[in-house]
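Hi,

Here is the structure I said I would pass on.

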Amino acid sequence: MRCLEILEGAASLGPSDAVLVDVALRRGWALASADQSFDDVDGLRRLDPSSHTFLDDLGAAS
């Protein structure tokens, strides 16, 4: 199961985070979160809502 692999690879993420990451990866979505722990997941694009380029990044991700 991919969620277990995510949990093992990013120890700072919890089980619900792993499910969220799994869905985002399967669908090719970027994840909007200020939590830098998501940066530990290979292949996941995290969009930081506190970034001054967030809205541009969000538009480019869709």
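Before anything else, one term: two residues are in contact, or touch, when they have heavy atoms within 4.5 Å of each other. Take leucine 7 as a try-out: leaving out residues up to four places away in sequence, leucine 7 touches Leu13, Gly14, Pro15 and Ala18.

A word on where this comes from. This is a predicted model, in which local features need pLDDT of at least 70 and side-chain atom pairs count only at pLDDT 80 or more, while totals for chains, interfaces and linings use all residues. Residues are numbered from 1 along each chain as its sequence is written, and side-chain values use heavy atoms, with hydrogens and water left out.

Now the overall picture. The protein chain has 3 helices and 2 strands (these are DSSP runs numbered from the N terminus, H or I of at least four residues for helices and E of at least two for strands). Going along the sequence, the pattern reads α-α-β-β-α. The radius of gyration is 12 Å, close to the 11 Å that the globule rule gives for 62 residues, so the chain is as compact as a globular protein of that length. (That radius is taken over C-alpha atoms, and the rule is 2.2 Å times the number of residues to the power 0.38.) Along its principal axes, the C-alpha trace spans about 35 × 20 × 15 Å. If you count contacts between residues at least 6 apart in sequence, 16% of them join residues at least 24 apart.

What about inside and outside? I call a residue buried under 20% relative accessible area, exposed over 50%, and partly exposed in between (1.4 Å probe, protein chains only). Buried residues make up 29% of the 62 residues in the chain.

Which residues form the largest nonpolar core? There are 12 of them: Cys3, Ile6, Ala10, Leu13, Ala18, Val21, Ala24, Leu25, Leu31, Phe38, Val41 and Leu44. Helix H1 (2-9) and helix H2 (15-27) are the elements that give two or more residues to this core, and the largest share, 4 residues, comes from H2. (A nonpolar core here is a set of buried Ala, Val, Leu, Ile, Met, Phe, Trp, Tyr and Cys residues joined through side-chain atoms within 4.5 Å.) In soluble globular proteins, nonpolar side chains tend to be buried together.

Setting aside residues up to four places away in sequence, isoleucine 6 touches Leu13, Ala18, Val21, Asp22, Leu25 and Val41. Is aspartate 22 buried or exposed? Aspartate 22 counts as buried because its relative accessible area is 9%. With residues up to four places away left out again, aspartate 22 touches Arg2, Cys3 and Ile6.

Back to leucine 7, which lies in helix H1. Leucine 7 is partly exposed, with a relative accessible area of 27%. Between leucine 7 and valine 19 there are 12 residues in sequence and 9.3 Å in space, C-alpha to C-alpha. Glycine 14, one of the residues that leucine 7 touches, sits in the loop between H1 and H2. At 22% relative accessibility, glycine 14 is partly exposed. Glycine 14 and glycine 28 are 14 residues apart in sequence and 21 Å apart in space, C-alpha to C-alpha.

Serine 33 is in the loop between strand E1 (31-32) and strand E2 (46-47), and at 14% relative accessibility serine 33 is buried. Apart from neighbours within four places in sequence, serine 33 is in contact with Phe38, Arg46, Leu47, Asp48 and Pro49. Aspartate 56 is in helix H3 (residues 54-61) and is exposed, at 60% relative accessibility. Aspartate 56 and valine 41 are 15 residues apart in sequence and 22 Å apart in space, C-alpha to C-alpha.

Happy clicking!
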